[in-house]
Amino acid sequence: MNLDNLRGLMMDSQSEQILKYLQAGNALTPLEALRKFNCLRLGARIYDLRQQGYVINSLIIKDDISGKRYARYSLVSLN
C-alpha cells in the first residue's frame, strides 16, 4: 500500500468517526477533534461530509478571553 492510499484510509476513518460522533447528537470543535480523533483538519473532514450530502451546521464562537474565533459543528440532517 502506498502513502496516498494510506492517507485516504486515514481520512475515511476520521470522517467516519466524526460522522458517528455527530450522529450521536454531539457538536464538535477543532480542539475536540484533535483530542478525540487526532484530526488536525476538521474543516476539511466537514467539507468531505458535506460533499457526501450531510447537512452540517457551523456556529462561529468567539472566546471571551483570547478573542479567537472557532467553529462548532453539528449535524442537522441527511440530504
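Reply: The model is a predicted one. A search of the whole structure gives 1 aromatic pair.

Me: Why is the pair of tyrosine 21 and phenylalanine 37 called edge-to-face?

Reply: Two rings count as a pair if their centres lie within 6.5 Å, and as edge-to-face if their planes are over 60 degrees apart. The ring centres of tyrosine 21 and phenylalanine 37 are 5.6 Å apart and the planes stand at 75 degrees, so the pair is edge-to-face.

Me: Which parts of the chain does the pair link?

Reply: The pair links distant parts of the chain, since tyrosine 21 belongs to helix α1 and phenylalanine 37 to helix α2, 16 residues apart. Both tyrosine 21 and phenylalanine 37 are buried.

Me: What makes threonine 29 count as buried?

Reply: The cut-off for buried is under 20% relative accessible area. Threonine 29 has 6% relative accessibility and therefore counts as buried.

Me: Where is threonine 29 found, and with which residues is threonine 29 in contact?

Reply: Threonine 29 lies in the loop between α1 (3-23) and α2 (30-37). Apart from neighbours within four places in sequence, threonine 29 is in contact with Leu42, Tyr70, Ala71 and Arg72.

Me: What makes a set of residues a nonpolar core, and which residues have the most contacts inside the largest one?

Reply: Such a core consists of buried residues of the listed nonpolar kinds, among them Leu and Ile, joined through side-chain atoms within 4.5 Å. The largest nonpolar core has 15 residues, and Ile18, Leu28, Leu42, Ile46 and Ile56 have the most contacts inside it. At least two residues of this core come from each of α1, α2, α3 (42-51), β1 (54-62) and β2 (69-78). The most is given by α1, with 4 residues.

Me: Which residues does leucine 28 touch?

Reply: Residues up to four places away in sequence are not counted here. Leucine 28 then touches Ile18, Tyr21, Leu22, Ala33, Lys36, Phe37, Leu42, Ala71, Arg72 and Tyr73.

Me: What is the pattern of the chain, and how many helices and strands are there?

Reply: The chain has 3 helices and 2 strands, and reads α-α-α-β-β along the sequence. Of its 79 residues, 28% are buried. Among contacts with a separation of 6 or more, 41% are between residues 24 or more positions apart. The accessible surface of the chain is about 5,700 Å², with 50% belonging to carbon and sulfur atoms.

Terms used
Residues numbered from 1 in each chain as written. Predicted model: local features only at pLDDT ≥ 70, side-chain atom pairs only at ≥ 80, totals over all residues. Heavy atoms only, no water. Buried < 20%, exposed > 50% of the residue type's maximum accessible area, 1.4 Å probe, protein only. Contact = heavy atoms within 4.5 Å. Areas by Shrake-Rupley, 256 points an atom, 1.4 Å probe, with all protein chains shown as cover. Phe/Tyr/Trp six-rings, centres within 6.5 Å; stacked < 30°, edge-to-face > 60°.
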